[in-house]
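Please keep the sequence and the structure in view while reading.

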Amino acid sequence: STAVAAALTKVGVKGKDDLTRLDEKAFEGLLAEMSDTTFDLLLENVKGLGHEGAPSSAEELREKMRETAAAQEAQRQRQAELSRLEQQRRQEEEARVADELSRWLASVGLTNPTTAAPALKKVGVKAKDDLKGLRAKEFEVLLAAMSEADFDLLLENVKGLGHESAPSSAAELRHAADTKKRQEAAAAKKAAPKLKTSIWDTSG
């Protein structure tokens, strides 16, 4: 019939020889386009042409499709469960690390620990170990958010964790930052073109 012909064209059958090369996906496509009776009749003819891998019946193919769909769904659910467990593990680890950091902060004895926590977060400190990798610029951010006394206390404890290049004190860091600013300002002034003070000034 024309419906069968159209279905065969849809799965790429142009000549009789193509029928012997139909794969499982093509058979599934054909089954979707016709009744089981028509499909079984077509199968009989396809096998008669020498197709050895054809399904034995529409029912067998449907059963196989159901099994495949069930296996895929089980795999999808397994994957979703693994993702959920991984996310849960990550959240638990983040909570543990954050708790360890806040307990460490509490043990440092800062007069105002509430300002230290958001400042540390701002410079990317999520875990106690992150403190060992703080750079000069990050120490400046921390100093801007804390009192000098608290900063010096924090420094002492950060050095205790093994930070070797931490500044020695808030005063030293301020001095270094001020010196750097002065040097940058001087360099910028030197690089700027000299402006004539009046229209009569021919110097410069």
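Leaving aside its neighbours within four places in sequence, with which residues is Leu105 in contact? The model is a predicted one, and in it Leu105 is in contact with Leu110, Ala116, Ala117, Leu120 and Leu154 once those neighbours are set aside.

## Overall architecture

The protein chain has eight helices and zero strands, and, read along the sequence, these elements give the pattern α-α-α-α-α-α-α-α. The radius of gyration of the protein chain is 38 Å, well over the 17 Å that the globule rule gives for 204 residues, and the chain is therefore more spread out than a compact globule. The C-alpha atoms fill a box of roughly 100 × 65 × 25 Å when the dimensions are taken along the principal axes.

Buried residues make up 26% of the 204 residues in the protein chain, and the chain exposes about 14200 Å², of which carbon and sulfur atoms supply 54%. When contacts between residues at least 6 apart in sequence are considered, 50% of them join residues at least 24 apart.

## Helix α1 and its cover

Helix α1 spans residues 2-10, and its buried residues are Val4, Ala7 and Leu8. These residues cover an arc of only 100° around the axis, which puts them on the same side of α1. On the other side of α1, Thr2, Thr9 and Lys10 are exposed.

The cover over the buried residues of α1 includes α2 (24-33) and α3 (36-48). Just after α1, Gly12 takes a positive phi of about 90°.

Leaving aside its neighbours within four places in sequence, Glu28 is in contact with Leu61 and Met65.

Leu105 is found in helix α4, which comprises residues 58-108, and is buried, with a relative accessible area of 6%. Ala117, one of the residues in contact with Leu105, is 12 residues apart from Leu105 in sequence, and the two are 8.0 Å apart in space, C-alpha to C-alpha.

In α5, Ala116, Ala119 and Leu120 are buried. Seen down the axis of α5, these buried residues fall within an arc of 100°, so they line one face of the helix, while Thr114, Lys121 and Lys122 are exposed on the other side. The buried residues of α5 pack against α4 and α6, and the contacts of Leu105 with Ala116 and Leu120 are listed among those of Leu105. Just after α5, Gly124 takes a positive phi of about 85°.

## Helix α6 and Phe139

Why do the buried residues of α6 line one face of the helix? The residues concerned are Glu138, Phe139, Leu142 and Leu143, and, seen down the axis of α6, they fall within an arc of 145°, so they line one face. An α-helix has 3.6 residues a turn, so residues three or four places apart point the same way. On the other side of α6, Lys137 and Ala144 are exposed, whereas the buried residues of α6 pack against α5 (113-122), α7 (148-160) and α8 (170-191).

Phe139 lies in this helix, which spans residues 136-145, and counts as buried because its relative accessibility is 2%. Leaving aside its neighbours within four places in sequence, Phe139 is in contact with Leu134, Phe151, Leu155, Val158, His163, Ala166, Pro167 and Leu173.

Definitions and conventions. Residues numbered from 1 in each chain as written. Predicted model: local features only at pLDDT ≥ 70, side-chain atom pairs only at ≥ 80, totals over all residues. Heavy atoms only, no water. Helix = DSSP H or I, 4+ residues; strand = E, 2+ residues; numbered from the N terminus. Rg over C-alpha atoms; globule rule 2.2 N^0.38 Å. Buried < 20%, exposed > 50% of the residue type's maximum accessible area, 1.4 Å probe, protein only. Contact = heavy atoms within 4.5 Å. Areas by Shrake-Rupley, 256 points an atom, 1.4 Å probe, with all protein chains shown as cover. Arc of directions from axis to C-beta.
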